[in-house]
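Biologist: Could you take me through this structure feature by feature, giving the general idea before the case at hand?

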Amino acid sequence: MVTRDDALFRYALRLGDDSLVLGQRLGEWCGKAPALEIDLALANLGLDLIGQATFLLGYAGEVEGKGRDADRLAFHRDVMDFSNCLLVEQPNGDFARTIARQFLFSAWRALLFGDLAASADPTLAAVAKKAVKETAYHLRFSGEWMARLGDGTPESRERLIDGLDWCWRFVDELFEADEVSEALAAARIAPAPAELRARFDATVDAVLAEAGVERPAPRRAVVGGRAGRHSEHLGHLLAEMQFLPRAYPEARW
Amino acid sequence: MVSRVATLDRAERIRDVLAGVPDPEIPAVSVLDLGIVRDIDPEGRRVAITPTYSGCPATAAIAAAIVAALAEAGLGDVRLVTRLDPPWTTDWITPEGRAKLLAYGIAPPPASSRLTEAAPACPRCGSTATREVSRFGSTPCKALWRCLDCAEPFDRFKCH
């Protein structure tokens with residue numbers, strides 16, 4: 001039986017890891033996006049996510065009570081200690097795949113933060129109330145691009161369909177329950193993940209209809225991120241992200 | 001009575017100091033104008049600030065600037081705390097702050113965050129024929145707009 005504090009630590013950690021890893025992925029677009037406005041937008045989204053990660057990982061460290069702060073948790077853990085969902089660690093691919101990933105993630109996150117704003121845990125509620133406003137921007141940005149790509153040229157449409165198809169097998173993991181989510185749902189700290197599914201499907205269907213794209217066929221879900229079983233991609237991402245603080249642990253700005 | 005006057009003075013002094021601490025990204029406005037300072041306790045011992053956006057890179061610089069300015073004014077024993085809830089909103093930007101933003105060339109957010117869709121007036125020529133170029137601009141709090149009459153691009157403080 002997992003204790004309340006242990007569940008809270010692991011939950012804050014996984015949400016923080018989601019934000020951190022996706023924030024780092026979006027940072028990879030910086031200087032390479034198809035247009036200056038998109039470059040700025042993706043970097044801004046990444047900044048929001050890294051800001052959220054700072055709050056969430058900082059809180060995780062506080063709950064854990066072993067003296068680890070947000071930086072310690074971000075830069076001094078290895079792959080199997082990360083508990084982000086597999087969707088966020090997927091490589092950027094082309095712009096359409098990045099947009100599909102962002103849209104699916106933001107659609108889920110907007111609902112999650114909306115519910116967490118009423119959490120029985122005041123710190124999670126405070127972080128969520130702040131983040132839900134930013135996430136609404138992310139959802140609007142990515143949703144508009146979904147429609148633009150799906151309803152654009154034959155090539156943009158094909159790329160969007162490919163990108164969505166690549167991401168789709170990682171969607172079910174977002175709604176998976178485990179001992180952590182069950183303990184927190186019982187304590188009214190977090191919603192049961194499955195509770196968000198119907199609303200998520202409605203958001204996705206509405207945007208796909210606008211984009212004129214079919215919802216991908218159901219397929220076997222790839223899961224394991226919450227338990228530290230990751231794709232090969234995460235290690236490469238961490239190697240780049242963690243290099244400096246690991247090589248120069250005493251480095252200061 | 002003497003001590004009461006002294007503590008009132010302290011809170012007032014803190015307010016004066018903070019009114020002179022500029023936002024690092026938009027130096028035309030102070031941290032008070034932007035509503036970043038949430039609370040100065042009546043004893044003048046504690047200041048609560050709130051970040052604008054979760055990922056605003058200026059947050060740490062703002063905290064450092066406040067600590068330095070207070071120390072400079074002989075108020076180095078004031079404790080600075082961060083408060084996330086209620087979350088910052090552009091509704092907290094003061095009327096003076098809005099006027100300063102406009103004079104600086106940044107279209108201020110509408111008076112209420114519920115009026116998000118209205119096109120802002122161009123801060124240079126005042127025309128309301130303006131168009132959004134990008135919802136994401138040079139900082140997390142700004143969007144990029146263009147005036148269709150005078151053709152100048154300008155920043156708009158995003159409604160949040």
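This is a predicted model: local features need pLDDT of at least 70, side-chain atom pairs count only at pLDDT 80 or more; totals for chains, interfaces and linings use all residues.

Biologist: How many helices and strands does chain A have?

Modeller: Helices (H or I, at least four residues) and strands (E, at least two) are DSSP runs, numbered from the N terminus. On that basis chain A has ten helices and zero strands, and its C-alpha atoms fill a box of roughly 55 × 45 × 30 Å along the principal axes.

Biologist: What does the radius of gyration of chain A agree with?

Modeller: The radius is taken over C-alpha atoms, and the globule rule is 2.2 Å times the number of residues to the power 0.38. For 253 residues a compact globule would have a radius of gyration near 18 Å, and the 18 Å of chain A agrees with this. A residue is buried if 20 or more other C-beta atoms lie within 10 Å of its own, exposed if 12 or fewer, and partly exposed in between, with C-beta atoms placed from the backbone; 47% of the 253 residues of chain A count as buried.

Biologist: Which elements make up chain B, and in what pattern?

Modeller: Chain B contains three helices and seven strands, which follow the pattern α-β-β-α-β-α-β-β-β-β along the sequence. Of its 160 residues, 37% count as buried, and its C-alpha atoms occupy a box of roughly 60 × 30 × 30 Å along the principal axes.

Biologist: In what order do the four strands of the open sheet in chain B lie?

Modeller: Strands of a sheet pair through backbone hydrogen bonds, either parallel or antiparallel. Two strands pair here if DSSP finds at least two bridges between them. The open sheet of chain B has the order S4-S7-S6-S5, with mixed pairing. Because strand S4 (106-107) and strand S5 (130-134) of chain B stand at the edges with a single partner strand each, one side of each is left without a neighbour in the sheet. Strand S6 (residues 142-147) and strand S7 (residues 153-157) of chain B run antiparallel and are joined by five bridges, with B:Ala143 having B:Arg156 in S7(B) as its bridge partner.

Biologist: Where in chain B is there a hairpin?

Modeller: S1(B) and S2(B) form one, with five residues between them, and B:Gly44 in the turn has a positive phi of about 75°. Three bridges join these antiparallel strands, S1 (residues 37-40) and S2 (residues 46-49) of chain B, and B:Val37 has B:Ile49 in S2(B) as its bridge partner.

Biologist: How many residues does each chain bring to the contact?

Modeller: Two residues are in contact if their C-beta atoms, placed from the backbone, lie within 7 Å. Chain A brings 20 residues and chain B 15 residues. Helix H2 (36-64) and helix H6 (122-150) of chain A each supply at least two residues of the side of chain A that touches chain B, and H2(A) gives the most to that side, with eleven residues.

Biologist: Is A:Thr123 buried, partly exposed or exposed?

Modeller: A:Thr123, which is found in helix H6 of chain A, is partly exposed, with 18 other C-beta atoms within 10 Å.

How values were computed: Residues are numbered from 1 along each chain as its sequence is written. Chains are lettered from A and ligands numbered from 1 in the order in which they are written.
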